Amino acid sequence: SKFNLDYIHSKLKGKKKNIKNFLIDQSFVSGIGNIYASEILFLSRINPVKKAKNLRKDDYKKILINSKKVLIEAINKGGSSIKNFKNISGKYGGFQSEFKVYQREGLKCKRTNCFGIIKKKSITNRSTFFCNSCQNS
């Protein structure tokens, strides 16, 4: 409940750091890793290199809603098994079948009416995936 619009605004307002780095910073919000950050920003239509200080209140809402959406869906699917991740029961996660951008470099965007291509960029030595069209602003 403390992860709300006021919290996001207070943490991001006037900051020069890009939004991708904020999302994966566990002191900002715990539980969002590299994979989920790419997925959240795609759903929010926000370019991962966009500076936090350039985000609008509407962007904060999108980040809030889509962070919760992605994390809940990932939990319900048992996480993401990319290489060898298994949960405590020894089962592989299933969220990787829901990826919209992560590990989809060179493929067409899954968003209806978007003709963009998924691109991969390294941000702070982490692979970041985004649509070159609908996340271009």
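Is Cys131 buried or exposed, and at what relative accessibility? At 0% relative accessibility, Cys131 counts as buried (buried means under 20% relative accessible area, exposed over 50%, partly exposed in between, with a 1.4 Å probe and protein chains only).

## About the model

This is a predicted model, in which local features need pLDDT of at least 70 and side-chain atom pairs count only at pLDDT 80 or more, while totals for chains, interfaces and linings use all residues. Residues are numbered from 1 along each chain as its sequence is written, and side-chain values use heavy atoms, leaving out hydrogens and water.

## The cysteines

Searching the whole structure turns up 0 disulfides (a disulfide is a pair of cysteine sulfur atoms within 2.5 Å). Cys109 has the sulfur of Cys131 as its nearest cysteine sulfur, 3.7 Å away. For Cys131, the nearest is that of Cys134, at 3.5 Å. Cys109 is also buried, with a relative accessible area of 3%.

## Helix H3 and its surroundings

Let's turn to helix H3, residues 34–44 (helices are DSSP runs of H or I with at least four residues, strands are E runs of at least two, and both are numbered from the N terminus). Because 10 of its 11 residues are buried, H3 is largely enclosed by the rest of the structure. Among the buried ones are Ile35, Ala37 and Phe42. Their cover includes helix H2 (19–24), H4 and strand S2 (126–131), where contact means heavy atoms within 4.5 Å.

In H3, Tyr36, Glu39, Ile40, Leu43 and Ser44 meet residues of H4, including Ile63, Val70 and Leu71. Just after H3, Arg45 takes a positive phi of about 60°.

Note on methods: Axes fitted to C-alpha atoms, helices over the stretch in contact; angles between N-to-C directions.
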